[in-house]
Amino acid sequence: MASVLVVEDDQFVRSALIRHLTEASHLVRSVGTALEALREVAHFRFDVVILDLGLPDLDGAEALKMLRGITDVPVIIATARDDEAEIVRLLNDGADDYLTKPFSVEHLSARMAAVLRRARSSAGEVPPPREIRVGGLAIDPLRRQAALDGAALDLTRREFDLLAFLAGRPGVVVPRKELLAEVWQQSYGDDQTIDVHLSWLRRKLGETAARPRYLHTLRGVGVKLEPPLEPQP
């Protein structure tokens, strides 16, 4: 049983989702606008949010960004849009999964089960080490802070997750599929998602793909993070 917030303005779809989720023994609350959704997550604890993009007061993509500012609750996007670039952007902005309308209740149940399983598995993991050091990099997983040569790095949520995951395996080539599964919690996805985040991360580390220091891409194999060869300042 899970606590679910349904954010959907279409009354017919909303009623169908509530009925299905209730019959599956979930506790369900529902709203029809983005602002109501923000109020709900601010006052109640949910296990998962099902978020429609076509909301009357605010586009669902903007609502997702605002939700991510106040909670890490898993979010499944429900959308009639099938533009690949937009889906990649939503996943990059913090969505945990997405469903393209129309979808069956069985499909929704399977996606919900997978997202909840990942969330509960993460919650039961051994706490991460206090600090990870690789060369001049210092990463604090608990405080979600990172610094390079003593200077704090301004990282997005996903950039930090990617850096911390690779830094926890220094010198190990991590396949892209593993990065998608562990950092993005997706069993499938576009390599462009990883490439974009690696590019942003390299920029903040003061390096480029042509002249890497910490992040090294092995074409067709994966990515590794290791200390630079030159002495640290």
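Okay, quick definition before the slides: on a 1 Å grid over the protein atoms alone, a pocket is an open set of points with protein on both sides within 12 Å along at least five of seven lines, and a lining residue has an atom within 4 Å of a point. This is a predicted model, so local features need pLDDT of at least 70, side-chain atom pairs count only at pLDDT 80 or more, and totals for chains, interfaces and linings use all residues. Numbering starts from 1 along each chain as its sequence is written, and side-chain values use heavy atoms, with hydrogens and water left out.

So, what lines the second largest pocket? We've got Arg 68, Asn 92, Asp 93, Gly 94, Thr 156, Arg 157, Arg 158, His 197 and Trp 200. Helices here are DSSP runs of H or I, at least four residues, and strands are runs of E, at least two, numbered from the N terminus. H6 and helix H8 (191-205) each give two or more residues to that lining. Domain 1 (2-122) and domain 2 (132-225) each supply at least three, with the bounds coming from an automatic or database assignment.

Now, the sheet. It's open, four strands, order S6-S7-S8-S9, antiparallel pairing; pairing takes at least two DSSP bridges. Strand S6 (132-134) and strand S9 (151-152) are the edges, each pairing on one side only.

Note on methods: 1 Å grid on protein atoms, 1.4 Å probe; cavity = no way out; pocket = protein on both sides within 12 Å on 5 of 7 lines; lining within 4 Å.
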